Amino acid sequence: ESSGISPAASANASGVHLAYVRQFDTADRPAGVYYRRFSTGSQTWGESRPLYTSRYLRGVTEETANVSISASDSNQLYVVWDDPAREQVFVAASGDGGATWEAPFEVDRRAPGDTPTVLGPGSNSPVIIWRAGHQSGSECTQYYRSRPADTTSWTSPQAIPGIEDCLASAQFIRDDGLLYLVGTIQQSGNSGVPSAMSTYIMAWDGMRWSTPRLQDALVGMTNPDTNQRIDLQCLSAGTVGDRLSIAGCDRGTGADIWWTSKPLGDTATWFPPPAVWEGPVAVAAASAPIAEVGLTTDGGGGTHAFWFEQGGDQIFHAARNE
């Protein structure tokens with residue numbers, strides 16, 4: 001594929017699964033997101049197939065194209081991408097190793113109540129994360145949606161707790177039944193020059209996120225041969241057994257590739273204690289940002305919620321018994 005950019009790959013026992021963006025737009029092969037599989041059995045590549053087509057993708061570059069793919073040992077495949085010009089995020093799923101695919105599911109888009117200056121959406125229980133502004137007031141809010149096991153529905157968008165700065169990079173790794181998010185944050189100093197990266201690790205247990213854990217050991221490293229400071233960036237993480245391994249490139253004077261590892265330890269201590277409150281429970285899916293909410297109870301023990309949506313002229317009501 002001579003016009004393919006931003007390739008993403010994932011492997012399992014059945015082969016190597018590749019997703020990429022095609023920029024060229026022709027009648028028989030329109031611009032869009034495509035998928036191909038290399039079969040370990042036949043040692044050949046299958047034909048490429050479009051998962052999503054959009055003429056807006058003709059204008060994306062390596063820097064603006066975002067495609068991710070994940071393949072599980074049970075041949076569940078997920079491809080996630082965004083359409084930057086339309087500010088939409090999508091996911092496509094396959095349950096048979098890429099032979100057939102569900103129609104793309106829209107994860108998020110710019111909401112009707114978002115102001116023009118608010119950042120729009122960019123890009124086992126699968127989890128999708130992306131950055132958007134919406135009602136948070138911050139352009140660095142990281143949102144997520146998950147798809148509980150044995151269902152075909154995705155949860156409502158929710159903000160990942162504990163992350164207040166923009167993630168410069170993020171990657172998922174799986175190990176021992178947990179999903180880990182390794183994210184890096186780079187803040188600008190007083191002079192506007194980027195400062196050193198801060199790296200955080202969070203765990204997802206299928207229901208909730210752990211508290212972000214700052215990896216201090218990755219900042220302030222020095223080369224023992226030269227005593228030069230190592231500015232470790234472009235991180236790549238993985239797990240073997242109970243150890244987390246991270247490789248990165250030194251953007252400082254040395255310009256070397258470095259590797260380090262550490263035991264993950266008891267990840268149960270990463271999660272906050274159970275909350276006294278139950279829930280939260282999704283009441284309804286709103287089509288616009290919520291403007292105001294009211295709550296009351298009746299004499300029979302029922303609870304009633306009322307709310308408005310921005311720009312609308314309706315009052316919505318939901319009731320709950322017991």
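In which strand does Ser10 lie? In this predicted model, where local features need pLDDT of at least 70, side-chain atom pairs count only at pLDDT 80 or more, and totals for chains, interfaces and linings use all residues, Ser10 belongs to strand β1, residues 4-12. Residues are numbered from 1 along each chain as its sequence is written, and side-chain values use heavy atoms, with hydrogens and water left out. Strands here are DSSP runs of E with at least two residues, numbered from the N terminus.

With a relative accessibility of 15%, Ser10 counts as buried; the scale calls residues buried under 20% relative accessible area, exposed over 50%, and partly exposed in between, with a 1.4 Å probe and protein chains only. A polar atom of the Ser10 side chain lies 3.0 Å from the backbone nitrogen of Ala71. Leaving aside residues up to four places away in sequence, Ser10 touches Gly15, Val16, His17, Ile69, Ser70 and Ala71, where contact means heavy atoms within 4.5 Å.

Turning to charged pairs, the structure holds two salt bridges, each defined as a side-chain nitrogen of Lys or Arg within 4 Å of a carboxyl oxygen of Asp or Glu. One of them links Arg55 to Asp25, with the closest N and O atoms 3.7 Å apart. Arg55 sits in the loop between β5 (49-53) and β6 (67-71), while Asp25 sits in the loop between β2 (15-22) and β3 (32-39), so this pair ties together parts that are 30 residues apart in sequence. Arg55 is exposed at 54% relative accessibility, whereas Asp25 is partly exposed at 30%. In the other bridge, the side chains of Arg208 and Asp205 meet at 3.6 Å, N to O. Arg208 is partly exposed, at 34% relative accessibility, and Asp205 is partly exposed with a value of 34%.

The surface also carries a nonpolar patch formed by Phe306, Phe308 and Ile315, with about 280 Å² of accessible area together. Patches of this kind gather residues with over 30% relative accessible area and no salt bridge, nonpolar side chains (Val, Leu, Ile, Met, Phe, Trp, Tyr) being joined within 5 Å and like charges within 9 Å; the areas come from the Shrake-Rupley method with a 1.4 Å probe, and for residues only the protein chains shown count as cover. Phe306 lies in strand β21, residues 303-309, and is partly exposed at 34% relative accessibility.

Now for a sheet. Three strands form an open sheet in the order β10-β11-β12, with antiparallel pairing. β10 (127-131) and β12 (158-159) stand at the edges with a single partner strand each, so one side of each is left without a neighbour in the sheet. Strand β11 (residues 142-146) runs antiparallel to β12 and is joined to β12 by two bridges, two strands being paired if DSSP finds at least two bridges between them. Tyr143 stands opposite Ala159 in β12.

Finally, the backbone angles deserve a look. Most residues other than glycine have a negative phi. Asn75, however, has a positive phi near 70°; Asn75 lies in the loop between β6 and β7 (77-83) and is partly exposed at 23% relative accessibility. Ala255 likewise has a positive phi, near 60°. Ala255 is placed in the loop between β18 (243-250) and β19 (257-263), and its relative accessible area of 56% makes Ala255 exposed.

Methods: Helix = DSSP H or I, 4+ residues; strand = E, 2+ residues; numbered from the N terminus. Polar contact = N/O pair within 3.5 Å; in protein donor to acceptor, adjacent residues only side chain to side chain.
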